[in-house]
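Dear colleague,

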Amino acid sequence: MSAAAESGSAAAVEFCGLWFAHRVINGSGTFDALAARRVFGAALAREFPFAAYVSKTITLQRRDGNPAPRLWEAAGGMINSIGLPNKGLDGYLAEDLPQLSELLAEAGPDGGSVPLITNVMGSTGEELARLVAACDERAEIAAVELNVSCPNVKTGLDIGADPKQLEQVVRACRERTRKPLIVKLTPNTADVALCAQAAEAAGADAVSLINTLRAMALAPGTTGSSRARWLGGGTGGLSGPAIRVVALAQVAAVAARVELPVIGMGGVQRAGHARDLLDAGASLVAVGSESFRDPTIASRIARELSS
Ligand code: RRO
């Protein structure tokens with residue numbers, strides 16, 4: 001039976017054994033659903049913009065995030081250096097997860113729930129595997145996304161930038177869950193398709209890309225060799241329209257090299273941009289920075305893609 005027939009909706013798609021009402025989701029950390037519910041109330045569930053909801057990144061321990069300033073407006077985008085502020089695994093499971101699952105149950109089509117994808121990050125394979133194991137125990141979590149754009153505590157290199165290290169880490173996580181495992185690839189690497197192949201070899205169910213491109217800004221008003229960096233974290237990640245063409249190239253390269261479904265993202269502002277990523281081989285598209293400007297944009301993109 002086709003996806004559309006099985007789910008009862010013409011736009012519905014199957015993704016790693018889950019049913020999504022359409023092809024548009026959010027990029028992790030770009031839409032705070034609980035804050036949005038405080039602002040928009042019941043209207044948020046009635047008109048939930050995403051076919052699945054990806055949580056912001058969760059770490060084992062609680063984190064305050066980077067010192068301010070955390071944002072810089074760049075040409076055609078922004079640099080963020082948020083630094084993973086979050087309540088830690090225990091806080092997420094105890095406080096956010098019940099609220100998110102209540103919201104997503106109200107937001108689902110035809111009495112179903114919007115699937116929740118929990119995004120996790122650790123600075124070692126063992127940390128990531130512990131996070132994955134904890135998610136595996138919770139029925140409210142439909143799938144886990146590994147954020148591998150974190151420096152390894154020993155080498156200082158991003159875990160996801162080195163195919164060998166990535167393969168080891170994903171293998172360790174694969175052993176801890178039967179839920180769909182999505183690996184969010186970093187674009188800050190020599191060969192992103194090689195990293196995607198490593199994730200596939202280690203048993204990932206899907207890959208998502210691109211995370212932000214490493215970037216920095218110097219503080220206005222400072223001069224010479226002592227110029228200070230603007231962002232409290234020193235460097236940050238560039239997102240927005242400026243990275244759209246990079247995302248398209250990386251999604252096409254990855255989709256050509258792996259059998260896994262690909263979630264494409266990077267600078268999507270309109271249905272045409274989403275269509276480009278789908279035509280390049282993505283199965284789903286995520287909206288990121290544009291949701292800050294217009295929190296309803298993903299709904300419009302989904303509608304236009306379906307029409
Ligand atoms: O929190 C952040 O600063 C952050 C994360 Br975890 C990420 O994956 N990508 C990004 O641009 N910022």
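**Ligand contacts**

A backbone N or O atom of L84 lies 2.9 Å from an oxygen atom of the ligand, a polar contact in the sense of a pair of N or O atoms within 3.5 Å (within protein, one must be able to donate a hydrogen and the other to accept it, and residues adjacent in sequence count only if both atoms are side-chain atoms). Taken alone, the ligand exposes 310 Å², and the protein buries 77% of that; accessible areas come from the Shrake-Rupley method with a 1.4 Å probe, and for residues only the protein chains shown count as cover.

Please note that this is a predicted model, in which local features need pLDDT of at least 70 and side-chain atom pairs count only at pLDDT 80 or more, while totals for chains, interfaces and linings use all residues. Residues are numbered from 1 along each chain as its sequence is written, and side-chain values use heavy atoms, with hydrogens and water left out.

The residues surrounding the ligand are T57, N80, I82, G83, L84, N147, N211 and T212, where a residue is near if one of its heavy atoms lies within 4 Å. This shell divides into two nonpolar, six polar and no charged residues; Ala, Val, Leu, Ile, Met, Phe, Trp, Tyr, Cys and Pro count as nonpolar, Asp, Glu, Lys and Arg as charged, and the others, Gly among them, as polar.

**N147**

N147 is found in strand β8 (residues 143-147); helices (H or I, at least four residues) and strands (E, at least two) are DSSP runs, numbered from the N terminus. With a relative accessible area of 7%, N147 is buried, that is, under 20%, where exposed is over 50% and partly exposed lies in between (1.4 Å probe, protein chains only). A polar atom of the N147 side chain lies 3.1 Å from the backbone nitrogen of S149. Beyond its neighbours within four places in sequence, N147 is in contact (heavy atoms within 4.5 Å) with T57, N119, V120, M121 and N211.

**The chain**

The chain contains 11 helices and 14 strands. Buried residues make up 52% of its 307 residues.

Yours sincerely
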